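Hi everyone, thanks for coming.

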Amino acid sequence: MQQIQLPTREAEEEKQKAPSDVASSNSNSESEPLFPTNGGIRRRAPGESSISGRVMSRRRSFGRDVQHAAEETFLLTRLTLILLRYLGIGYRWIMKFLALCLYAFLLMPGFIQVGYYYFFSSQVRRSVVYGEEPRNRLDLYLPLNANDRMPVVAFITGGAWIIGYKAWGALLGRRLAERGIIVACIDYRNFPQGTISEMVEDASQGISFVCNNIASFGGDPSSRIYLIGQSAGAHIASCTLLNQAIKECSEGGTSWSVSQIKTYFGISGGYNIVNLVDHFHNRGLYRSIFLSIMEGEESLSAFSPELLVRKPSNKHAVSLLPRIVLFHGTNDCSIPSSASKDFADALTASGGLVDLILYEEKTHTDLFLQDPLRGGSDQLLETVIAVIHEGDVSACAKDVEAPVARRLVPEWMLMLASRVSPF
């Protein structure tokens, strides 16, 4: 196991401003019929019909985007109310809710820009259906001038198993798409709509869709698919990967194969759920709720990737796993960095290929939110891109010339957001 200890990154001066992202609506040019004017037929100037069709098409597209934005807002509001219902209303959670509101307000300049990109960019294909369940949808982020056989990232977001949502991956999708990488953000059923086994089932089905269909979007399904999970999503993704490896050892003939995943990246994940029950309870994700999510205390070990890796009977399954890269901040209070370290130790002891990268003084949200919103050089993102583009001379050359990501939120707001963050 290679362990890398990274120092705190000082705020960097922006070397240059990256060009603003230009969001455009999909055009679908339909000719409009001629209408009688003053009892006769008005003659149109050459090209007027196509121009009018494009204008009307854009208006319809904009209307659909606004309607979709309203639907997404309603869904997120409902998820928040469900979360509050399960957590209960008391002084502790009122304070956490107020802290969350302030945290979101401080990051709002970045959220607005990313939200505009998500809803109105032609590079984003929202809510692609991958299964029969209501939440079986994924968002695709496609690079400009996409060519065939591009690398692909399947991303599973966090959200405490209760408020996970595919749109949380918009910032990551945007950044990676800017570097020539297709990103598929996979949605899944949250509690109480589903429990952990159904979340893993959804993740597996989403990954299967990516493996079997991404070629039609310009992706390379043969050997350039990467899996990323963040927080609860890292737990779900690692469970999915291990379950698939175990299944291949005993059954075979599955809809996708672990061998199709070149590397798995786990960001701030928890991998030994048995050890985290009390920690989550003290943080406010109460034992009764968490055990309901995990289908009872007797199921905790079955959904603890670290414990599954340590079982001698799963040694062959571990040998099937791809390279694993684990990221964690040492100041993470939501899930302690020891969770990634212990998982890395278990993988190493069982013969797995793993790298552990710890970021000094980084919190649970620094790695996934504050650092990317800061702009400049994002250490975690650059590491992911370097692994994905490893061996691709042309892509590496473009990475060297890539413009510096522009800042989306002022530094003082980011610093204050880190102080008030409830995570």
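Okay, let's begin with two helices: the axes of helix H4 (residues 170-177) and helix H12 (residues 366-374) come within 10 Å and cross at roughly 50 degrees. Before going on, a word on where this comes from: it's a predicted model, where local features need pLDDT of at least 70 and side-chain atom pairs count only at pLDDT 80 or more, while totals for chains, interfaces and linings use all residues. Residues are numbered from 1 along each chain as its sequence is written, and side-chain values use heavy atoms, with hydrogens and water left out.

Helices (H or I, at least four residues) and strands (E, at least two) are DSSP runs, numbered from the N terminus. An axis is a line fitted to C-alpha atoms, for helices over the stretch in contact, and angles run from 0 to 180 degrees between N-to-C directions. Under 35 degrees we say roughly parallel, over 145 roughly antiparallel, 65 to 115 roughly perpendicular, and the rest is oblique.

So H4 and H12 are oblique to each other. Who meets whom there? From H4 we have Leu171, Leu172 and Arg175, and they meet Phe368, Leu369, Pro372 and Leu373 in H12 (contact means heavy atoms within 4.5 Å). Those residues divide into 6 nonpolar, no polar and 1 charged. Here Ala, Val, Leu, Ile, Met, Phe, Trp, Tyr, Cys and Pro count as nonpolar, Asp, Glu, Lys and Arg as charged, and the others, Gly among them, as polar.

H4 also packs with helix H3 (residues 108-120), at an angle of about 70 degrees and with the axes 10 Å apart. That makes H3 and H4 roughly perpendicular to each other. On the H3 side you'll find Gln113, Val114, Tyr117 and Tyr118, and on the H4 side Ala170, Leu171, Arg174 and Ala177. This contact splits into 6 nonpolar, 1 polar and 1 charged.

Next, a strand. Is S11 (residues 354-359) largely enclosed or largely open? In S11, 6 of the 6 residues are buried, so the strand is largely enclosed by the rest of the structure. Buried means under 20% relative accessible area, exposed is over 50%, and partly exposed is in between (1.4 Å probe, protein chains only). Val354, Leu356 and Leu358 cover one side, with Asp355, Ile357 and Tyr359 on the other. S11 pairs with strand S10 (residues 323-329) in the parallel sense over 6 bridges; a pair needs at least two DSSP bridges. Leu326 stands opposite Leu356 in S11.

Now the loops. Most residues other than glycine have a negative phi, and most peptide bonds are trans. Ser268 has a positive phi of about 55 degrees, and sits in the loop between strand S9 (261-267) and helix H7 (273-283). Ser268 is buried, at 0% relative accessible area. Glu295 has a positive phi too, near 65 degrees, but Glu295 counts as partly exposed at 27%. And Phe191 and Pro192 are joined by a cis peptide bond, with omega about 10 degrees.

Last stop: Tyr271, in the loop between S9 and H7. Tyr271 is buried, at 0% relative accessibility. Leaving aside neighbours within four places in sequence, Tyr271 is in contact with residues including Tyr264, Leu326 and Phe343.
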